[in-house]
Amino acid sequence: QVQLEESGGGLVQAGGSLRLSCAASGRTFSNYFMGWFRQAPGKKREFVASITSSGRTTYYDDSVKGRFTLSRDNAKNTVYLQMNSLKPEDTAVYYCAADRDWASYDNNRYDSKLYEYWGQGTQVTVSS
């Protein structure tokens, strides 16, 4: 089991940057693949990015590709989402998620239902 806690959200102007962190408890963090999702008011939760347990491979939604970078430090039990060139449409609550159902990862990594463990979320607001 793993517990997740996000931090780093806030208010930023369009074009600015933020770095979100997700700290995980537990000694088996390196066994989990990680994901970031976001949910804007009145909208469904949507996939942002995912990273494999080793950190060697990342996946991004097209809406953030080239602007966001996902990384992890397994020694620190932490994943980082660097968000650059932020846009007002990036405004949402951002959630960190984890799971280790590797059999389902290739086909379902974009699906929030794959991930069993979730943080409480951190608000990101981008003003125009």
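This report describes a sheet, a disulfide, and the aromatic and charge-over-ring contacts of a predicted model.

## Basis of the description

Because the model is predicted, local features need pLDDT of at least 70 and side-chain atom pairs count only at pLDDT 80 or more, while totals for chains, interfaces and linings use all residues. Residues are numbered from 1 along each chain as its sequence is written, and side-chain values use heavy atoms, with hydrogens and water left out.

## The open sheet

An open sheet is formed by 4 strands in the order β1-β3-β8-β7, with antiparallel pairing. Strands are DSSP runs of E of at least two residues, and helices are runs of H or I of at least four, numbered from the N terminus; two strands pair if DSSP finds at least two bridges between them. The edges are taken by β1 (4-7) and β7 (68-73); each has a single partner strand, so one side of each is left without a neighbour in the sheet. From one strand to the next, the twist averages 15 degrees, with axes fitted as lines to C-alpha atoms and angles running from 0 to 180 degrees between N-to-C directions.

Strand β7 pairs with β8 (residues 78-83) in the antiparallel sense over 6 bridges. Ser71 stands opposite Tyr80 in β8.

## The disulfide

The structure holds 1 disulfide, a term for a pair of cysteine sulfur atoms within 2.5 Å. This disulfide joins Cys22 to Cys96, with 2.0 Å from S to S. It links distant parts of the chain, 74 residues apart: Cys22 is in strand β3 (residues 18-24) and Cys96 in strand β9 (residues 92-99). The link is left-handed, with -80 degrees about the S-S bond.

Cys22 is buried at a relative accessible area of 0%, and Cys96 is also buried at 0%. Buried means under 20% relative accessible area, exposed over 50%, and partly exposed in between (1.4 Å probe, protein chains only).

## Aromatic rings and charges

Rings of Phe, Tyr and Trp (its six-membered ring) pair if their centres lie within 6.5 Å; planes under 30 degrees apart count as stacked, over 60 as edge-to-face and the rest as tilted. The count comes to 12 aromatic pairs. Phe33 and Trp102 form an edge-to-face pair, 4.9 Å centre to centre with 75 degrees between the planes. Phe33 is buried, whereas Trp102 is partly exposed, at 36%.

A charge sits over a ring if NZ of Lys or CZ of Arg is within 6 Å of the ring centre and within 35 degrees of the ring normal. Arg45 lies over the face of Tyr95, 3.8 Å from the ring centre.
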